[in-house]
Amino acid sequence: MHRVKPLPSYLVQRYHGWKATTYQENRSWYRRLATEGQRPRAMVISCCDSRVHITSIFGADQGEFFIHRNIANLVPPYEPDGDHHGTSAAVEYAVTVLKVSQLIVMGHSQCGGIQGCIEMCKGNAPELEKKNSFVGRWMDILRPKYDLVADMDDRVEQARALEKQSVIISLENLMDFPFVVEAVDNGELTLHGLWNEIGKGELEYYDHASGGFHPV
Ligand SMILES: [Zn+2]
């Protein structure tokens, strides 16, 4: 592990700045969180993209959101096969242990993972088709939805449509997890689908009745 180095100075400075200001101002709240544990009301599954700023959008404080991020905010199918499933583990913990009341899947505009999926499905990205491409195999989760957007000519509209389909397939896959179904059926958990337009700061929600996304 000799390649692991101390933090660069700009991050060290930022940390000390945070400790002297934000932490000091909220010290009792941090200590309460530490001693009493977390009780987040909501879990959010979003993309890793650095532009998607969940806590800022919702003005959330420490301890409010249980956040899981992965490429293209995807929930994989329910596969209790004994393998490593980071996303499924996070969902299981949030629903069965933390007992969150809301589970929010949030997609976003200009998603690189979605664009990669489109190029892969069009046959333009052979590197993503390889078995050893973690991104490619992860985006296979969304492949079944590509047919719905394959005929769209406008590249921006096509990307947006598939970004929203990534939210929908994740919600569909969530409802294959027995503990999610049980919590939803018991009225303890509600699922929500969102899509964030980064440049305009807009937020749309998925409306199951109409099958579309509408402004929040
Ligand atoms: Zn993304």
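Reader: Thanks! Which residues does Gly136 touch, leaving out those up to four places away in sequence?
Author: Gly136 touches Met120 and Leu128, where a contact means heavy atoms within 4.5 Å. This is a predicted model, in which local features need pLDDT of at least 70 and side-chain atom pairs count only at pLDDT 80 or more, while totals for chains, interfaces and linings use all residues. Residues are numbered from 1 along each chain as its sequence is written, and side-chain values use heavy atoms, with hydrogens and water left out.

Reader: And is Gly136 buried or exposed?
Author: Gly136 counts as buried, because its relative accessibility is 0%. Buried is under 20% relative accessible area, exposed is over 50%, and partly exposed lies in between (1.4 Å probe, protein chains only). Gly136 is found in helix H7, and its C-alpha is 9.5 Å from that of Pro126, 10 residues apart in sequence.

Reader: How many helices and strands are there?
Author: The protein has 10 helices and 6 strands. They are DSSP runs numbered from the N terminus: helices are H or I with at least four residues, strands E with at least two.

Reader: Let's look at H4. Which of its residues are buried?
Author: Thr87, Ser88, Ala90, Val91, Ala94, Val95 and Leu98 are buried in H4. An α-helix has 3.6 residues a turn, so residues three or four places apart point the same way.

Reader: What do those buried residues pack against?
Author: Their partners include strands E1 (42–47), E2 (65–70) and E3 (102–108). Helices H7 (134–139), H9 (155–174) and H10 (178–185) also pack against the buried residues of H4.

Reader: What about Leu98, which residues does it touch beyond four places away in sequence?
Author: Leu98 touches Gln38, Pro40, Phe66 and Tyr93. Leu98 belongs to helix H4, residues 86–98, and counts as buried because its relative accessibility is 14%. Just after H4, Lys99 takes a positive phi of about 55°.

Reader: New topic: how many aromatic pairs are there?
Author: A search of the whole structure finds 9 aromatic pairs. Phe177 and Phe179 form an edge-to-face pair, because their ring centres are 5.7 Å apart and their planes are at 65°. Tyr206 and Phe213 form a tilted pair, because their centres are 5.4 Å apart and their planes at 45°. Rings of Phe, Tyr and Trp (its six-membered ring) pair if their centres lie within 6.5 Å; planes under 30 degrees apart count as stacked, over 60 as edge-to-face and the rest as tilted.

Reader: Nice. Which residues form an aromatic cluster?
Author: Tyr15, Trp18, Tyr23 and Tyr30 form one.

Reader: Where does the charged end of Lys164 sit?
Author: The charged end of Lys164 sits over the ring of Trp195, 4.4 Å from its centre. For that, NZ of Lys or CZ of Arg must be within 6 Å of the ring centre and within 35 degrees of the ring normal.

Reader: Last one, back to burial: is Glu119 buried or exposed?
Author: Glu119 is buried, because its relative accessible area is 18%. Glu119 is found in helix H5 (residues 112–122) and touches Asn124, Ala125 and Arg155, not counting residues up to four places away in sequence. For the whole protein, buried residues make up 38% of the 216 residues.
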